[in-house]
Amino acid sequence: SSGSNVIGEIPNGTEIKVTAYEGNWGKTTYNGVTGWVSMSYLTYVSAIPEEKDEEAPVISDAKITNLDTTGYTVSCKVSDNKGVTKIIFPTWTDAGGQDDIKWYVGSVSNGSATYRINISEFNNAGGLYNTHIYAYDAAGNQSAATTLSTTVYPTGFTLVSGSNATL
């Protein structure tokens, strides 16, 4: 307020960056001192452009867990300098190539992302399943993890032996 102690003086004509404002008061830092200045003493020059974010999210420790006859869980660690906004797990069976691909949106919590792949969404097809991981940030930067693959067979499946098999 105008009744507070003066903690510094900014010379006339000095360009300063106002980082916040409340009413007619602008918060700024000058010569290492942070304080509030009356906006009536300032003249607007321009908006300060935000730095362009070109850093893609980082995906690490991607793995498959909880494999059973109904599916599997894909998980990874994910980080970004500005925060991850979306993580996607496209999944398909090897038998169909990518003609049966499904795009699943996962959840991110405390730097970890997970999604449960249920083979019931692929007509309980047994065999090799492939999953990619894509992470996105608010600036639209994207990164991808290596394909994770695992074999899943539903309960009561039938396989045909390609050669003499022993029991």
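**Exercise 1.** Find out where Thr 73 sits and whether this residue is buried or exposed.

*Solution.* Start with the place: Thr 73 belongs to strand β5 (strands are DSSP E runs of at least two residues, numbered from the N terminus). By the way, this is a predicted model, where local features need pLDDT of at least 70, side-chain atom pairs count only at pLDDT 80 or more, and totals for chains, interfaces and linings use all residues. Residues are numbered from 1 along each chain as its sequence is written, and side-chain values use heavy atoms, leaving out hydrogens and water.

Next, accessibility: Thr 73 counts as buried because its relative accessibility is 13% (buried means under 20% relative accessible area, exposed over 50%, partly exposed in between, with a 1.4 Å probe and protein chains only).

**Exercise 2.** Work out which residues Thr 73 touches.

*Solution.* Leave out residues up to four places away in sequence; the list then includes Lys 63, Asn 66 and Arg 116 (contact means heavy atoms within 4.5 Å).

**Exercise 3.** Describe the largest nonpolar core.

*Solution.* First, its size: this core has 18 residues (a core joins buried Ala, Val, Leu, Ile, Met, Phe, Trp, Tyr and Cys residues through side-chain atoms within 4.5 Å). Ile 59, Val 74, Ile 87, Phe 89 and Ile 133 have the most contacts inside it. Then look at the elements: β5 (71-79) and β6 (84-93) are among those that give two or more residues, and β5 gives the most, with four.

Finally, zoom in on Ile 87: among the residues it touches are Cys 76, Val 108 and Ile 133.
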